[in-house]
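This report covers one side-chain pairing first, then the fold as a whole.

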Amino acid sequence: GAQLSTGDIMNISMGSTNIAGGAFVVADAGGARTDAIIDITSASTATTDAGSIMQINTTGALDSNVLDINKGPAATGSDGHVIDITTLTTSSAGNLIDLNFGAVADTGDGINIALGATAVAAQALVVTATGASSTDGWVLAADNTGDGIWTGDMINLRTGTGDASGDVFDLTMEAGATDAQAFVISNAAAS
């Protein structure tokens, strides 16, 4: 009801010894579902992490995945997305995906994509734009804001030893792009 409640609707305490049991298990028999197995609708206006719609915090030395998604075979001629994010008509300033590395010696990557040997029609990243963006770096932006003295390459490409026939860079300046430049280099360093 519309009451000022502070208690939880459901609170599950697994204890330290129940390591083989699950808190919530759903087994779906399949078929063409017409409703979501889990459906969350929120009109929250929270401004802190404590008011997040879903929050996961780990304190143990976890060597397994926080989220592990294994997708089954696609239906013939159709395939849904694993994660689908669509913004509404109201503008927002938050990022759809926001990664923050803490002040620790991480060795993992922010995003790591491994294309399988038979995924020859797949692309690691595709950006399609219909708007006339005026923001610098609207496809890709990298900025060493901490002014760190880095020694590794910012971009590193390796073709491998195979007799490849594709181009490392394929740049086409369309007929109407009369004011665009292919490469612009500004060097502010003392030479």
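## Salt bridge

Arg 33 and Asp 28 form a salt bridge through their side chains, with an N to O distance of 3.6 Å. The term requires a side-chain nitrogen of Lys or Arg within 4 Å of a carboxyl oxygen of Asp or Glu. The structure holds 1 salt bridge.

Arg 33 is partly exposed at 43% relative accessibility, and Asp 28 is also partly exposed, at 42% relative accessible area. Buried means under 20% relative accessible area, exposed over 50%, and partly exposed in between (1.4 Å probe, protein chains only).

## Basis of the values

The model is predicted: local features need pLDDT of at least 70 and side-chain atom pairs pLDDT 80 or more, while totals for chains, interfaces and linings use all residues. Residues are numbered from 1 along each chain as its sequence is written, and side-chain values use heavy atoms, leaving out hydrogens and water.

## Secondary structure and dimensions

The protein has 0 helices and 0 strands, counted as DSSP runs (helices H or I, at least four residues; strands E, at least two). Its radius of gyration is 24 Å, well over the 16 Å that the globule rule gives for 191 residues, so the protein is more spread out than a compact globule. That radius is taken over C-alpha atoms, and the rule is 2.2 Å times the number of residues to the power 0.38. The C-alpha trace spans about 65 × 45 × 40 Å along its principal axes.

## Burial and contacts

Of the 191 residues, 0% are buried. Among contacts (heavy atoms within 4.5 Å) with a separation of 6 or more, 0% join residues 24 or more positions apart.
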